[in-house]
Amino acid sequence: MSKTNLTRRGLLKTGAGTGAALAMPTIFSGAAWAASHSGFTNAPGDSSVTLGFNVPQTGPYADEGNDELRAYLLAVEHLNGEGDGGMMSTFTSKSLDGTGILGRKVNYVTGDTQTKSDAARASAKSMIEKDGAIMISGGSSSGVAVAVQGLCQEAGVIFMAGLTHSNDTTGKDKKANGFRHFFNAYMSGAALAPVLEKTYGADRRAYHLTADYTWGWTQEESIVASTEAMGWQTVEKVRTPLAATDFSSYIAPVLNSGADVLVLNHYGGNMVNSLTNAVQFGLRDKQVNGKNFEIVVPLYSELMAKGAGKNIEGVFGSTNWSWKLQDPGTLAFVKSFGTKYGFPPSNAAQTCYAQTMLYADAVNRAGSFNPCAVVEALEGDSSSLPGIDSAANHGFVFDGLGNGQTMYRASDHQCFKDVLVMKGKSNPDNEYDALEIVEVTPVKQVWYEPDHPMFAGGDLGACNPGA
Amino acid sequence: MDAIILQILNGLDKGSAYALIALGLTLIFGTLGVVNFAHGALFMLGAFCAVTVQRILSLSYSVLDETKKDFLGNPLKVDTHYIEAWFGPEIGASIIDWSVPLAILFSIPVMIAVGFIMERGLIKHFYKRPHADQILVTFGLAIVLQEIIKAYFGANPIPTPAPALFTGSFDFGVLIGFAENAITYPIWRLVYFIFALLVIAAVFAFLQFTTFGMVVRAGMADRETVGLLGINIDKRFTIMFAIAACVAGVAGVMYTPINSPNYHMGMDFLVLSFVVVVVGGMGSLPGAVLAGFMLGILEAFASMNEIKQFIPGIDQIIIYLVAIIILLTRPRGLMGRKGVMEE
């Protein structure tokens, strides 16, 4: 299923295209790209353009995938001039006007990743080859995102990642055709650590239970680094099978380990079950080392928080965004989404909506659907985030999509923006009110250099426009 | 020592679920000769009986609270449970709190009906077909059932807590001479273990000490001869299928406070339960129970850090490893009988 369709001729064309792209002077701007609407994979006709939304529609993350899909459909509506326009009115880049993308009506196709890498690659391949999708977007698993990002790079289409939190997506597995708006594990650690220190103190002993795959490993590494930097000790790091459903035999050893904090590097059903099991074992009622035992869930999802019920009360974690923010972009998006669907959007939905808008805006600014033109537009110019002294601080800076001032960093295609530290709410008003915002951590605090050891080993490479 | 006792308790607890599902599987295989891959789905349906009862008891009406706003800035809809309005807030809340135990009463007739319809409507047409056909049709049925549940209840886990009386943990260590709080164990997991023992004992007693059970055992041993005696053994086997479905269902109901139910939970248990049946010996009820508890305990021990440091990843393969060793040394499983699933 994952076999690529590169032929010798295709390879030569791709190579030539890539070589030409590399040889182009940086002055080659949108106007120049606009001269050509051919010579790249799935160049659209004059009337419409097709986007491919690849989300888990079946499997354990289907609810999250469906929320992402709702956001994509809303974004398509707004791009085509339907509905109330959502965040188009608050987005600081003003290239979008409700007439589609570059005057073409936006159509879409959807694929089901099933949260499996091979299924996700197969559905993305089908959308590119059979449906003519020029951009693929979607997520809910880093393993899937990395696999699909690699496929899009080979095929010569843009990949706008949905929910993917592993450092590797824009670290060792980064690709020139891939872009991530969502935050990452390093940022979670950097945002959470000061809050944890302030709340629980610097003298703590942490026990990690970690999902045994790429996302879990990078989150564990990030949280261990950030908590040890403030003085915490790491008692044990235990890997748990991704397929595990009952965590009792992993929780039991925590009881007498001398640890006074349990960090659950789990997501989705794993998180719901491990947190529920930890609470059942009375960890939250325990006193260890003269302190109350605490639990931390570094990556939160609103949908999964619902599943954990009351067990989540008082537990700290982090998110990319929350519908409770009060900036104009968030207010516009929540109104638009809530009016259409009857409930507030998740942070997975917000990142997917934002990615669709960012892609459409980049095409409009570039004046071309050519992936290399889009890459250039998303990498921006010399704009930078204020207050950050770094040679890597340049890219495409924008605001109004719900996260405050944000930058797509040119060097690794990772978005840099504020990160939210959240806490399980004690008396939620309704099922969508499970989490409350504790702190909006400024982007400066979660900044890292592109050659940071946790992100080392990858090469962005050159953009691939395909055939 | 305390860590070992904790893992034994964990193993017994995991083993309870394995044993209950494997017991039902063996009942069906032993009586009808059908390899029922939909048995995990019956466990899942039982769990969703608990979700259904919780939702029925939590039915509510909305009143607009002008003093509060919802996420769109409109007056907040405040839900009040009918049951609290009818019986008063305290009694109503108590009834909702006890939704899982109450769901057992609901699940018994539902699961018996499901089992009866399943056997009469589908399974009976496959009695004389090869085991491969039976596996395919029951596996297909399991997928259909879980997709129906997902379409109605969604893919996310749904919290279904135990009654407040049974939440929290119990100081088990004090009972056996350890210091206070040295060995604490969740109360509901102990309840689940005791419940499993009672159900297993009831099934064995039913088969051992009733005329009906005696006929069923005779039918399991020699179906043709029992038939020649003028006994409608098919009817009794249909009832046994319904009883097996009921055992899986109530096991599912009681499991919901341990892990929030989701549509996929049956599949999570199915493969392990089949390994339990094979290790115990195809068609052997005591073998299924013994293997269920044994593999549960081994799985719990394999998850200990001390073991994992010595053999990384052992927690993921221990059950299959033990299954291979047992089947190599005892090809019919621990308590398997000659002639079952053999030409």
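Between chain B and chain A, the count comes to 1 salt bridge (a side-chain nitrogen of Lys or Arg within 4 Å of a carboxyl oxygen of Asp or Glu). That bridge joins B:Arg189 to A:Asp246, with the closest N and O atoms 3.0 Å apart. The model is a predicted one, where local features need pLDDT of at least 70 and side-chain atom pairs count only at pLDDT 80 or more, while totals for chains, interfaces and linings use all residues. Residues are numbered from 1 along each chain as its sequence is written, chains are lettered from A in the order in which they are written, and side-chain values use heavy atoms, with hydrogens and water left out.

Now for the wider interface. Chain B puts 37 residues into the contact and chain A puts in 45, contact meaning heavy atoms within 4.5 Å. Together the two chains bury about 3,100 Å², 46% of it on carbon and sulfur atoms; buried area is the accessible area (1.4 Å probe) that two parts lose on being put together, summed over both. On chain B's side, B:Phe71, B:Asn156 and B:Asn305 supply 20% of the area buried against chain A, more than any other three residues.

Inside chain B, helices H5 (residues 99-121) and H11 (residues 233-255) have axes that come within 7 Å and cross at roughly 145 degrees. Helices here are DSSP runs (H or I, at least four residues), numbered from the N terminus; axes are lines fitted to C-alpha atoms over the stretch in contact, and angles run from 0 to 180 degrees between N-to-C directions. Among the residues that meet are B:Gly115 in H5(B) and B:Gly249 in H11(B).

Key. Helices (H or I, at least four residues) and strands (E, at least two) are DSSP runs, numbered from the N terminus.
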